[in-house]
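Try each one yourself before reading on.

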Amino acid sequence: MFYRLSGIHHTRYESARALWPVTADRRIVQGLLLLAVAAPFLLSDLYLTSYMLPWLIWTAAALSLTLLMGVAGQLHFGFAAVMAIGAYTSIHLTRAGVPFELALLGAGLMAALIGCLFGAAALRVKGLYLVMATLAMQYLVEWTIINVPAISGGAQATLSTPDVTFLFIPLQSDGALYYTALLWTVVVTLLIMNIKRSSFGRALVAVRDKDFAASVIGVNPLKYKLLAFFASSFLGGVTGAVLAFCYYQAVTPEQFGFNVSIQLVAMVLVGGLGSVIGAYLGAGFVLLLPIVLTNLLAFVAQFDLIPISFNLLSHIPLMVYGALIIGVILFEPLGLAKIYDNIRKYFLVWPFRHTQS
Amino acid sequence: MKTLLKGLAGVAGAMALAVGGTASADKEPIKFALLQDFTAVYTFVSSEYNQGQQDYLRLINETGGVEGHPIETIIRDTANEPQRGLEAYNRARREGAVLVDFFSTPVSRAAVNRVLRDEVVMITALHGRGDASHGETFPFVFPMMATYWSQATLLADYIDRHQGGLANKRIALVHIDSPFGREPLPVLQELAQQKGFQLRSFGYPSPGTEQSATWSDVRRYRPDHVIIWGAGGGQQVSVREAIRNGIRPQNILSVVWLSETDARNVGGNHMNGVKRFEAVASGREPAVIQDILTHVVEPGLGAGPAANVGSSYYNIGVATMAVAVEAARLAIREFGAPLTGDTLRRGFEMIEGFDARGLMPPVTLTATDHQGGGYGRVSQWNGQTWEPLTDWSNAFQEIVWHEIEKDAQGFRDGR
């Protein structure tokens with residue numbers, strides 16, 4: 001009914017392979033994009049800079065990770081380190097006078113290079129053992145940044161991002177920062193969607209499902225595992241640079257700690273492994289929900305209805321947040337993306353009951 | 001029904017409070033944002049610290065406010081995450097906060113550029129960037145107590161004066177392997193050259209719950225004195241490991257983060273003789289703490305357990321707010337209401353010889369010096385309390401300021 005399928009006849013391969021073959025889907029995406037573009041005019045600066053902007057950037061990060069973890073099936077518990085490499089590379093490059101656009105590329109390449117180095121472990125180990133190898137990456141990269149003052153920026157270990165321009169627009173105003181992040185997130189989104197429907201994506205899926213079976217049908221697992229690490233780390237590195245320049249504007253090693261890696265994995269898992277919309281939903285859930293809960297509770301607490309200690313008050317959001325994560329996983333183990341998918345399928349045939357896949 | 005009645009009673013009570021509040025303080029409130037980490041890393045410290053801050057502000061409100069203006073607090077948990085800290089900061093700024101205190105190094109480092117742009121005062125007592133003492137580079141950031149560099153030089157000075165001199169000694173700096181842990185290194189290296197002692201640093205991995213490998217290295221080095229540099233759970237591990245490796249407690253000196261709780265966790269009288277840097281007096285003797293006890297804690301208005309009152313971190317919290325309130329008072333007297341970030345900053349820079357009635361060393365802040373002289377003292381655990389061994393003093397400030405100038409220059413160049 002809402003996602004009307006009648007009248008949609010695919011007579012050409014191009015239309016059948018379109019990103020959004022159903023008109024309703026396409027309209028929803030167009031509407032959301034329009035809202036995203038209009039956001040600086042619709043939202044106050046608080047919501048633009050503290051909610052939309054970090055949400056978009058973390059979505060790009062979750063998308064980069066979901067390419068590796070969801071599509072290619074290689075677990076990565078050190079993705080914050082990949083982003084850190086990108087952030088530090090871009091800052092040092094721009095400080096050396098390289099234009100920001102090229103510095104972004106450099107950030108991606110450096111992250112991809114080092115990411116591949118550790119990703120090479122994936123050629124030999126799988127599953128939990130790969131988790132250990134990527135954890136080692138997290139700690140080695142952190143250690144190197146902290147212990148080499150030339151990278152971290154001396155005793156204060158804080159590097160401010162220099163003033164730069166992106167495509168001739170100075171990255172100063174909230175709007176410019178927001179549009180840069182939006183552009184990058186849209187690019188990553190389209191890229192991942194296209195990878196998923198291309199031969200590269202199908203090769204990754206084959207490697208994910210059974211690597212020796214993949215090699216039997218002619219997919220070289222060595223090549224595709226490394227390519228997955230390369231592509232994902234490249235995107236992660238650029239996202240790290242975008243995070244540094246558009247959001248933090250000052251970089252310290254703590255911003256890319258182990259807990260951030262875990263948060264990224266949580267975004268991918270809660271959102272739904274390998275799903276694009278899941279990355280958006282997961283990033284929103286992990287990043288924004290604790291903030292919203294804290295503010296909600298602070299709002300309720302100001303009426304002083306129940307006398308509870310401040311210490312307990314600040315821990316209640318954590319309890320609710322934990323319960324929500326367990327709830328989502330119990331209710332739908334495939335993540336928020338699957339919940340969305342269920343709703344969509346329900347409306348696909350509404351008012352009738354039986355859904356088609 | 002009963003709960004409903006209770007709820008109604010609560011609403012009525014809240015309304016009465018609100019009406020009462022407006023009657024007692026007719027002038028517009030001053031808003032301080034205390035956006036700290038109550039749930040992640042610094043919880044054990046920040047809950048006591050924040051309790052001290054809240055109790056002191058309550059005392060000010062109970063006794064007439066700042067020139068008649070009550071102080072309102074905006075308190076939020078940031079979980080030590082920069083993105084949550086920045087959200088809370090942006091929100092607080094919209095609500096009209098003129099002062100923020102994150103009490104978290106990662107969050108305040110991420111916020112430096114923003115407070116400088118938005119002209120909001122950020123206090124970074126015992127955390128954040130040490131080079132923020134450079135007032136001309138960081139006009140809105142106030143470390144306002146001894147930076148880590150000043151703490152290191154004061155501890156070295158104590159060894160020099162009271163523990164048989166520094167010359168030809170072996171000093172071990174055992175630190176958590178993080179930017180914070182490495183911060184004292186440059187000033188100590190400079191001092192080692194000047195005073196002719198050997199210095200070696202030993203890092204242990206974060207979070208510091210496991211340090212045994214590091215300490216066997218320290219034992220092999222046979223240091224005359226050990227300076228431990230960590231925070232939180234790692235500190236008691238350091239003390240325990242040091243003693244286990246044959247270092248006499250008398251020769252252990254610590255950064256400011258060593259408290260009554262750590263002594264209790266080390267247990268017994270093992271820690272007797274361990275020394276630490278102290279930026280604020282601990283205990284209930286200072287007049288301000290006595291006032292808090294009579295006006296806030298005894299009427300039941302305290303923000304937390306009464307047992308915390310007078311503990312080291314509680315008193316540090318009281319001291320930060322005492323300085324901030326004094327700054328607000330000076331600013332309102334000089335520039336009149338309403339208080340803005342800029343006038344509050346100038347209020348801070350007018351503070352001269354303020355010691356919160358004996359709670360802390362006299363602090364003088366100027367437009368150039370936002371550290372306030374780097375004063376502190378050395379105190380020793382005697383099994384019950386931290387007993388001061390020296391008077392308030394500072395040491396080797398020229399070395400400290402050399403570092404401050406150097407890093408502030410780096411910050412200016414980076415922009």
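**Exercise 1.** Leaving aside its neighbours within four places in sequence, which residues is F348(B) in contact with?

*Solution.* Keep in mind that this is a predicted model. Start by collecting heavy atoms within 4.5 Å of the residue. With neighbours within four places in sequence set aside, F348(B) is in contact with L99(B), V121(B), I123(B), F142(B), M144(B), V323(B), A324(B), A327(B) and L365(B).

**Exercise 2.** Find which residues touch the most other members of the largest nonpolar core, and say which domains of chain B contribute to this core.

*Solution.* The largest nonpolar core holds 223 residues, and those touching the most other members are F32(B), Y56(B), W257(B) and F348(B). In chain B, this core takes at least three residues from each of domain 1 (28-146 + 283-375) and domain 2 (148-278 + 379-395). A second, separate core has 7 residues, among them A36(A), A39(A), L48(A) and M52(A). As background, nonpolar side chains in soluble globular proteins tend to be buried together.

**Exercise 3.** Describe where G208(B) sits and decide whether it is buried or exposed.

*Solution.* Next, apply the cut-off: buried means under 20% relative accessible area, and G208(B) counts as buried because its relative accessibility is 1%. Finally, look at its surroundings: apart from neighbours within four places in sequence, G208(B) is in contact with G234(B) and V237(B).

**Exercise 4.** How many disulfides does a search of the whole structure find?

*Solution.* The search over all chains finds 0 disulfides.

Methods. Residues are numbered from 1 along each chain as its sequence is written. Chains are lettered from A and ligands numbered from 1 in the order in which they are written. This is a predicted model: local features need pLDDT of at least 70, side-chain atom pairs count only at pLDDT 80 or more; totals for chains, interfaces and linings use all residues. Side-chain values use heavy atoms; hydrogens and water are left out. A disulfide is a pair of cysteine sulfur atoms within 2.5 Å. A nonpolar core is a set of buried Ala, Val, Leu, Ile, Met, Phe, Trp, Tyr and Cys residues joined through side-chain atoms within 4.5 Å. Buried means under 20% relative accessible area, exposed over 50%, partly exposed in between (1.4 Å probe, protein chains only). Domain bounds come from an automatic or database domain assignment.
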